[in-house]
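Please look over the model before reading on.

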Amino acid sequence: MLDFTYQNPVKIIFGKEKIQDVAGEIPPDATVLLLYGQGSIKKNGVHALTIEALAGRRVIEFGGIEPNPSYETAMAAVNVVREKGIGFLLSVGGGSVLDATKFIAAAARFEDGDPWQIMSGAPIHDAVPLGAILTLPATGSEMNTNAVISRKSSADKLYFSSPLVYPRFSILDPTTTYSLPPRQTANGVVDAFVHVMEQYLTWPSDAPLQDRMAEGILQTLIEEGPKALTDPHDYNVRANIMWCATLALNDLIGQGVPEDWSTHMIGHQITAMHGLDHAQTLAIVLPVIMDVKRDKKREKILQYAERVWKIDSAALGEEKTIDSAMAKTREFFETLGVRTRLGDYGINAASIPAIIEKLQEHGMTALGEHADIGPDTIREILERCL
Ligand code: NZQ
Ligand code: ZN
């Protein structure tokens with residue numbers, strides 16, 4: 001096992017009717033900026049519950065944060081934070097609202113020029129405290145240090161990470177996810193699944209606990225994901241998916257093991273240039289990376305095949321077992337309704353060079369757990385994604 005230091009301070013408040021406890025988690029004297037997306041919280045009642053829970057507090061609202069949140073919109077919120085002396089940010093919505101909130105928290109206290117520099121690694125020294133009411137299980141943002149922000153003007157989608165933007169708390173009420181459209185439910189399951197795979201499907205590092213935690217999350221998502229589509233109001237199904245998504249990317253299963261993240265880096269650029277949902281890009285890229293990297297990932301793909309999909313590798317032989325594990329993975333995404341080919345979204349070979357160019361511009365030329373996925377391999381991967 002590799003060495004690690006792990007500290008995760010996020011207070012998770014999980015269960016039905018927990019939104020009503022939100023005021024107790026926020027300093028009483030702080031002016032709160034309630035951030036939200038494009039209206040889902042007004043339709044499903046979460047906005048009303050939040051406002052009711054914050055009765056008597058000074059609350060200002062900022063809505064309109066888009067999926068794949070933009071720097072441009074976030075900067076409008078930064079102005080509000082500065083002008084109104086906001087002391088606490090409350091994100092109410094999915095990963096996009098929360099990621100934007102994290103960026104706003106850091107950008108509002110960034111004094112070294114244009115806050116976009118945060119997205120290329122400029123150090124941050126302070127952030128407005130924040131908390132979350134999560135309505136979409138997918139990103140793990142509710143219990144991690146990451147935020148992914150897009151810049152419309154330059155078609156960039158980049159991430160930053162800082163312990164200063166850990167939420168102080170995250171309220172996870174699975175009933176808030178009943179209203180998710182099937183597409184977003186499926187996206188969430190796929191995103192959580194791929195988060196686990198990025199921390200699991202590398203090389204064996206004698207970390208059987210991390211492996212089994214990862215396999216447990218994958219198996220739970222395979223069992224529960226389809227149920228959420230057939231019975232969206234099943235509380236336990238929604239609760240299990242929500243907890244899986246948090247554990248998939250609160251960095252616990254990645255401690256002491258190598259990590260990949262190439263599917264995400266390539267996927268982010270596809271979203272930035274073509275507008276696909278985050279999970280759609282992952283469903284396209286992951287199965288192909290498994291194939292292109294089948295030799296370097298061989299031992300873990302075989303373990304995945306045997307333990308997660310119960311494929312009998314002794315009977316089938318190694319190559320066919322790997323083929324079968326890849327096919328099962330792709331089929332799982334498709335069964336959830338997430339298409340797995342670039343062509344399914346109208347993207348053809350002509351788009352590939354620009355994606356590679358952008359990745360190069362951002363120094364993403366040595367991706368993967370072996371840092372051996374460069375422009376040529378990315379081209380091969382994207383061509384096989386068509
Ligand atoms: O904007 P509203 O009206 O709220 O609608 C949203 C949005 O249209 C809707 N929605 C959310 N909760 C709902 C709901 N609709 C009905 N009922 C509910 N309960 O769903 C749509 C998608 O929401 P969004 O927040 O964009 O989805 P998600 O949570 O999947 O977040 C995606 C973003 O997170 C980034 C992605 O790249 C993408 O930008 N990621 C963040 C990560 C992190 N912070 O660690 C890691 C991930 O790998 C990912 O990159
Ligand atoms: Zn993701």
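The model is predicted.

Asp191 sits in helix 5 (residues 182-200), and His264 sits in helix 8 (residues 262-274). The two are 73 residues apart in sequence, so the pair ties together separate parts of the chain.

Are Asp191 and His264 buried or exposed? The cut-off for buried is under 20% relative accessible area. Asp191 has a relative accessible area of 3%, so Asp191 is buried. His264 comes out at 4%, so His264 is buried too.

## Packing of helices 6 and 7

Two packed helices are described by the angle between their axes and the distance between the axes. Helix 6 (residues 208-230) packs on helix 7 (residues 235-248) at about 140 degrees. Their axes lie 9 Å apart. That angle makes helix 6 oblique to helix 7, because only angles over 145 degrees count as roughly antiparallel. The crossing of the two helices is left-handed.

Helix 6 makes the contact with residues including Ile217, Leu221, Glu224 and Ala228. On helix 7, the contact residues include Val237, Arg238, Ile241, Cys244 and Leu247. What is the make-up of the contact of helix 6 with helix 7? Its residues divide into eight nonpolar, four polar and three charged.

Technical notes
Residues numbered from 1 in each chain as written. Chains lettered and ligands numbered in written order. Predicted model: local features only at pLDDT ≥ 70, side-chain atom pairs only at ≥ 80, totals over all residues. Heavy atoms only, no water. Helix = DSSP H or I, 4+ residues; strand = E, 2+ residues; numbered from the N terminus. Buried < 20%, exposed > 50% of the residue type's maximum accessible area, 1.4 Å probe, protein only. Axes fitted to C-alpha atoms, helices over the stretch in contact; angles between N-to-C directions. Parallel < 35°, antiparallel > 145°, perpendicular 65-115°, else oblique. Left-handed = near helix turned anticlockwise from the far one by under 90°. Contact = heavy atoms within 4.5 Å. Nonpolar A, V, L, I, M, F, W, Y, C, P; charged D, E, K, R; others polar.
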